[in-house]
Structures are given as structure tokens and as C-alpha cells.
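Hi everyone, thanks for coming. I'd like to walk you through a structure that may be new to you, so please have a look at it with me.

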Amino acid sequence: MAGRYAPRPTRATVRGGHVAVPAARPATTAPAVTAPVAPAGAASAGLAATAPVAPRTRTWTPPWPLDLGLVLGPLRRGPADPTFRTAPDGSVWRATRTPEGPGTLRVAARGGTVGAEAWGAGAEWLLDRLPALLGAEDDPSAFTPRHRLLAVTERRRPGLRLTRTGLVMESLIPSILEQKVTTTEAYRAWRLLVRKFGEPAPGPDDRLYVMPEPRAWAMVPSWEWHRAGVDAKRSDTVMRAVRVARRLEEAAAMEPEAARRRLELIPGIGPWTSAETVQRSNGAPDAVTTGDYHLPSIVGHALAGRREADDAEMLELLAPYAGQRHRAARLILLSGRIPPRHGPRFTPGNIAAL
């Protein structure tokens, strides 16, 4: 196992639709792990420093315009998400828990070529699935705009692709936390719980954390949920989900509708939560979110001038985009055609103070 994830650079190029990766080292070759190096003057104090571990690397050239912010933005849960960071140079850092273990991925796009670096036990898994993460399995050509607003927005956003992470729990748990509360409350809960019960992400960025493994979620005491502002209904739903995490992760390989049905077998997971999850884990272009507080009025306002629209009217307006309704909703959100606010902002509660 150690040899498989030895920290050595790996170059991969796309040629004729196939990825060419150099052959792995023979099993008898010792892994190229950098030995600890003691800094000058530290020997007498018994101190030692470890040189940074080299990442696994991959390059990939997508045959379409790529906008990293548009593609990977839905994976970010608020500006202070401990699992996601956008660097000043435009690169995106992402820490996650893969089937092979924790991993950190850095993605940067330069001149039409994507360069990726990955650290940790999940590095190889993340690099193997880099194209899918960046929308290679998405098919925007299946979308035909029926409204001028969507046609203009699609033309202005050629880099939009739907991501497919292949991971369910990393999207399911924060989606459960977002049920029936403001995004500010949900983002705060996610941030506090991941930082306290997760683990530092592998790699050089010490600000990133990997979310807790299922057993760690199951061990979160009730008072910590309370301090994070998570009521018993949502925490109980998370507990039920992590008990069958392996079965839920299998949904990432299913067709979106079958994946949603599996998720909704868990009490507390309904259409809103399943849609929000498979949009990210499965790259589902038709998984429109119903039961949302804002989306029906946004879609109704953009397509029919009706800000009072409910779910039924939203689905009627999106009917011409059957098979691509989630993409249509994303384009509407990106268009900026949002109904004006006429009331005060909702003031979130704080159950931690009770």
C-alpha cells in the first residue's frame, strides 16, 4: 500500500482521448520518501523538521473552454469552507475523503491546460477522476435554450460544465445541514463540525481540513451539534446516513434517478436534499431542486415575470428543458435576473444560546 502512494511526480497526458501514464515502479523499488532533515542548531534540542512531500501530478487539456470557478463553485460551502479554497492565483484547492483515504487536490488552469497536484492516500483516486470533476462527462450540447435569457447566458458562460465528484457523503452531509435554515447558519455548522471533528488535510496548505469519516460523525456528542446550531432532526438524519455510508456511496455510480431513490430511503432525506446531492456527486443535469425557499420565485421571475411562483409553476416553466432542468436553473441563477427584495432580511436563530 505504501508503495502505491509513494510521493513521486507522475505526468499524464491526453492523447487521442486516452491518458498516457508512465509505468509504475517495480514493487521492489523503495518508495522515494524524503527523510526527515534536522535544521541547523536543532540537534541539541532534539528537534527535527520534515521536508515537504512531493505531490502526485497530472496535466490534462480539455477540448472546450474551462471556467474553474463555475465548474467547482457548487462544491464550496461558504467563504470559510475548511474543505475548499480559491487561491489568489486562481487555483482551486479541495480536501476530501476518497474511498482510498484523505486527499488534497490543487487544480490550476493556464492557457487551456489544466495542471493538478494531489497529496495523501487519496491522491491517485483524485487525479484519475480529474476530467469527470471538471465536467468531461457532462454534455452541454444536449441543452437547447427556449428562452432568450438562457440563450444569452449560455453564450456568455461557455466555461460552464456540471461537475461529477463521484462522492456522495461529502455533498449529502452539508446538504442535510442546509435543510430548513439559512445558508449562513448551515455554513457555520459545517465549518465548526469539520474543523473540530475532521482532520488536517494532507499537503502543504494547513488551512484545509478533511471532513470526518462516518465513524467520527457518529461519535459527535449531542451538545456539539447543539453548539453548532444543528437541531436534533438534522443531526439524527446525519446519524442515520453515516450508518449506511458505504451503501449510499454506491449511489455515485448509479443513474441520477436511481441514486435519488436510494438516498430518499433514509428518513429525513427528501427530494430537496437528494437533488442537491446528486447534482454534485453524479453530475445530474435534470435534478432540479424542489422545496427550495428561493428557487421557484427566481425561475418564475426570470421566465414569466412571476416572483410568486411555487414549485408546481417552476416545474411547468422548466418542462421544455426536460432532461436538462438543473442546467437551465443554473443558467437562470448565473443570468443575474433575480427578483428584487421587498422585505427585511431574515434574522437567523441561535439554538446554541438556548
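Let's start with two helices, α4 and α15, whose axes cross at roughly 80° and come within 9 Å. That angle makes α4 roughly perpendicular to α15. On the α4 side, the residues making the contact are Leu149, Leu150, Thr153 and Glu154, and α15 brings Ala328, Leu331, Ile332, Leu334 and Ser335. Sorted by class, six residues in this contact are nonpolar, two are polar and one is charged. Please keep in mind throughout that this is a predicted model.

While we are at α15, which covers residues 325-335, have a look at Arg327, which sits in this helix. Is Arg327 buried or exposed? Arg327 has a relative accessible area of 2%, so it counts as buried. And what does Arg327 touch, once we leave aside its neighbours within four places in sequence? Its contacts are Asp138, Asp139, Pro140, Phe143, Leu162 and Pro285.

A polar atom of the Thr163 side chain lies 2.6 Å from the backbone oxygen of Leu133. Not counting residues up to four places away in sequence, Thr163 touches Val71, Leu72, Leu75, Ala132, Leu133, Gln279, Arg280 and Gly283.

That brings us to the next helix pair. For α5 and α6, the latter being residues 183-197, the angle is about 130° and the axes are 8 Å apart. At that angle, α5 is oblique to α6. The crossing of α5 past α6 is right-handed. From α5 we have Glu170, Ile173, Pro174 and Leu177, and they meet Ala186, Ala189, Trp190 and Leu193 of α6. By class, that contact has seven nonpolar residues, one charged residue and no polar ones.

Let me pick out one of those residues, Ile173, in helix α5. Its relative accessibility is 0%, and therefore Ile173 counts as buried. Which residues does Ile173 contact, leaving aside those within four places in sequence? They are Trp190, Trp217, Val238 and Val242. Take Val238: it is 65 residues from Ile173 in sequence, yet the two C-alpha atoms are 6.3 Å apart.

Next, a look at the loop between α5 and α6, where we find Lys180. Lys180 has a relative accessible area of 83%, so Lys180 is exposed. Its backbone deserves a look too. Most residues other than glycine have a negative phi. The phi of Lys180, however, is positive, near 60°.

Finally, let's zoom out to the whole protein chain. How many helices and strands does it have? There are 15 helices and nine strands. The chain has 354 residues, and 45% of them count as buried. Among the contacts with a separation of 6 or more, 64% are between residues 24 or more positions apart. The pair of Ile173 and Val238, 65 residues apart in sequence, is a handy one to look up on your own screen.

Definitions and conventions. Residues are numbered from 1 along each chain as its sequence is written. This is a predicted model: local features need pLDDT of at least 70, side-chain atom pairs count only at pLDDT 80 or more; totals for chains, interfaces and linings use all residues. Side-chain values use heavy atoms; hydrogens and water are left out. A polar contact is a pair of N or O atoms within 3.5 Å; within protein, one must be able to donate a hydrogen and the other to accept it, and residues adjacent in sequence count only if both atoms are side-chain atoms. Contact means heavy atoms within 4.5 Å. Axes are lines fitted to C-alpha atoms, for helices over the stretch in contact, and angles run from 0 to 180 degrees between N-to-C directions. Helices (H or I, at least four residues) and strands (E, at least two) are DSSP runs, numbered from the N terminus. Angles under 35 degrees count as roughly parallel, over 145 as roughly antiparallel, 65 to 115 as roughly perpendicular and the rest as oblique. A crossing is left-handed if the near helix is turned anticlockwise from the far one by less than a right angle, and right-handed if clockwise. Ala, Val, Leu, Ile, Met, Phe, Trp, Tyr, Cys and Pro count as nonpolar, Asp, Glu, Lys and Arg as charged, and the others, Gly among them, as polar. Buried means under 20% relative accessible area, exposed over 50%, partly exposed in between (1.4 Å probe, protein chains only).
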